[in-house]
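Work through the exercises below with the sequence and the model at hand. Try each task before reading its solution.

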Amino acid sequence: MTTGRTLCSDLLLALLSPEKETFVVDSMHWKAGLAGAAVVDAVLSGRLRLTSEGEPGVRAGRLVLVGAAVPEDDSPWSEVLRRAEGQKPKNAVARVGGASSWHDRAGQLRDVVMADLAREGVVSAHEHRSLGLFPSPRWTLLRPAERGAVLARVRAVLEGAGTRRPEERDASLTGLLAATGALRAVFPGLEKRWLTERGKAVVKGSWGSAAVSGAIEEVNTAVAAGVTAAIAGSAAAG
């Protein structure tokens, strides 16, 4: 059974490590996952839709705005709509997450989502300083049962993969966790191969998680290319 929270809230709650008080995947992966969750949230809520083949006047496979215009404000949710409109899902994830710019959009979205969870009393926020100098946010999980309920829904989707159709929201959440490589971390007691196979099956059936996978792959490729170029430049200079 789902809650009244956003898909973004469920995703970050699932990713939050109770022991380390931060996320179980690195920033590149949680940012792509959060951006994907925001785009899927907008589709599930009816603010965006994915165009189909043969629609007059639009290209297939693009996200388009439904109904009222985007509010003229600077909220992260309005920014999601503005940056996703007219884009392919994979490009929308990159644009919403800030992968294509220096602006940390995903970080701002994270702060809003975690603040909502703090107001609910699910987490409490505090600051951690690495080496006593560099501040970074941490969140203490105050109601572990809330995270447990989210993970129970995810596990039910994994167990039923290929045999029964889950709720679209739960399938999206599970696919996003699989696409960000988080399933092994959030289910340490489950068999790794089983998690990988079931996760792939869920991702394959979800355009949202497939878009996240594609965005992460593109970022990885770009990072690898930058490292290679830096090494080559250093060698040439030497």
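Accessible areas come from the Shrake-Rupley method with a 1.4 Å probe, and for residues only the protein chains shown count as cover. The model is predicted: local features need pLDDT of at least 70, side-chain atom pairs count only at pLDDT 80 or more, and totals for chains, interfaces and linings use all residues. Residues are numbered from 1 along each chain as its sequence is written, and side-chain values use heavy atoms, with hydrogens and water left out.

**Exercise 1.** State the accessible surface of the protein and the share of carbon and sulfur atoms in it.

Solution. The surface comes to about 12500 Å². Carbon and sulfur atoms hold 55% of that surface.

**Exercise 2.** Compare the span of helix α5 with the expected one, then list its buried residues.

Solution. Helices are DSSP runs of H or I with at least four residues, numbered from the N terminus. Helix α5 covers residues 105–120, which is 16 residues. Buried means under 20% relative accessible area. In α5 this holds for Arg 105, Ala 106, Gly 107, Leu 109, Arg 110, Val 113, Met 114 and Leu 117. Residues three or four places apart point the same way, because an α-helix has 3.6 residues a turn. Just after α5, Gly 121 has a positive phi of about 85 degrees.

**Exercise 3.** What share of the 238 residues of the protein counts as buried?

Solution. The share is 40%.

How values were computed. Helices (H or I, at least four residues) and strands (E, at least two) are DSSP runs, numbered from the N terminus. The expected span of a helix is 1.5 Å times one less than its number of residues. Buried means under 20% relative accessible area, exposed over 50%, partly exposed in between (1.4 Å probe, protein chains only).
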